[in-house]
Amino acid sequence: MRELVFDTETTGLDPKTGDRLVEIGMVELVNHIPTGRTFHRYFHPERLIAAEALRIHGLDDAFLADKPIFSTAVAEIMDFIGDATLIAHNSSFDMGFLNFELGRCGHISVPDERVIDTLMLARRRHPAGPNSLDALCSRYRIDTGRRVFHGALLDAELLAEVYIELIGGRQAALLLGEEPAAPTLAAISNFVRIGARPEPRTFNVEAADLAAHRGLISKIGEKAIWNSYFAEEGVTELAG
C-alpha cells in the first residue's frame, strides 16, 4: 500500500479569493514505512504573498521570484502521486489548494475517498486535544528542533511520524524480519482478567433437584463421570 504524506504552503487562506500554492512537500510511505522518497517544489504564485502567510512560512516575494509556476511541474507532480492515498493534516485546506491548482491546469481533482485527514484521526484518538501538528509532535516526543518556519517538506516529514503513531504503525514496523514475541504470562493474565468474576459463582440447589440429578446418574451406570465427583465428596456411588 502506497501513501503520500504531504503539506502545502500558500499565499493566504482561500484559493477561491485568489490565493495560490507556493510550496508542496510529499513523503512516500509503503505499508506505513517511509521509503526515503520525497517530492519538494517551490512555485511562483503569480501574485504577492500576504503578510500573515509570510509570518508563517517565511517565503517572501523575492525568494519566489525565480521559481517556476505550478503548471510547469504539474505532470511531474501527478506522476509522483500516481494512485497513492494522500494524507494531510486538516486535509480540506491542503486538498483545496492542490485541487484548485490541478483544475487550473485542466486536471481532474483528487477525490475525497483517496484522502486521509490526520486531524480527524487525532480528534478521534485524543478527543480532549490539542491536536495541532505541534501539539501532536509534543505528545509523541517527535523532535521539531529544525522547525523555525513552517515548511512543506519538513512538516510532511513530521506529519509522517505523527501519522505512524496515530495508526499504531510504529509497533507493527518493529516486527519486520522478526518473529512476533510470545505473549508473557503477565500479559495473558491481564487479558483473562478482563471481565472475570473475582469469586467463583455459587448456585443454590434445592434438595429435590439434587435427588433428581442423582437419580439420573444412577440410570447411566458405573461409568457416569459424576460418580467420581460424588466419590471425591465422600458420597457413595449411586450406580449399581
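The charged end of arginine 2 sits over the ring of phenylalanine 80, 5.3 Å from its centre. That's one detail from a predicted model whose protein chain has 11 helices and 5 strands. Of its 240 residues, 35% count as buried.

**Rings and charges**
- The structure has 4 aromatic pairs.
- Phenylalanine 39 and phenylalanine 80 have ring centres 5.4 Å apart and planes at 35°, an angle that lies between the 30 and 60 degree cut-offs, so the pair counts as tilted.
- This pair ties together distant parts of the chain: phenylalanine 39 belongs to strand E3 (residues 33-42) and phenylalanine 80 to helix H3, 41 residues apart.
- Both phenylalanine 39 and phenylalanine 80 are buried.
- Over at phenylalanine 63, lysine 67 lies over the face of the ring, at 4.0 Å from the ring centre.

**Nonpolar cores**
- The largest nonpolar core counts 22 residues, and Phe6, Met26, Phe70, Ile77, Leu86 and Leu98 have the most contacts inside it.
- Strand E1 (2-10), strand E2 (21-30), helix H3 (74-81), strand E4 (85-88) and helix H4 (91-104) each give two or more residues to this core.
- Leaving aside residues up to four places away in sequence, isoleucine 77 touches Met26, Phe39, Phe43 and Phe70.
- There's also a second, separate core of 19 residues, with Leu29, Leu158, Ala160 and Leu166 among them.

**Whole chain**
- Take the contacts between residues at least 6 apart in sequence: 63% of them join residues at least 24 apart.
- The accessible surface of the protein chain is about 14,900 Å², and carbon and sulfur atoms account for 56% of that.

Technical notes. Residues are numbered from 1 along each chain as its sequence is written. This is a predicted model: local features need pLDDT of at least 70, side-chain atom pairs count only at pLDDT 80 or more; totals for chains, interfaces and linings use all residues. Side-chain values use heavy atoms; hydrogens and water are left out. A nonpolar core is a set of buried Ala, Val, Leu, Ile, Met, Phe, Trp, Tyr and Cys residues joined through side-chain atoms within 4.5 Å. Buried means under 20% relative accessible area, exposed over 50%, partly exposed in between (1.4 Å probe, protein chains only). Helices (H or I, at least four residues) and strands (E, at least two) are DSSP runs, numbered from the N terminus. Contact means heavy atoms within 4.5 Å. Accessible areas come from the Shrake-Rupley method with a 1.4 Å probe; for residues, only the protein chains shown count as cover. Rings of Phe, Tyr and Trp (its six-membered ring) pair if their centres lie within 6.5 Å; planes under 30 degrees apart count as stacked, over 60 as edge-to-face and the rest as tilted. A charge sits over a ring if NZ of Lys or CZ of Arg is within 6 Å of the ring centre and within 35 degrees of the ring normal.
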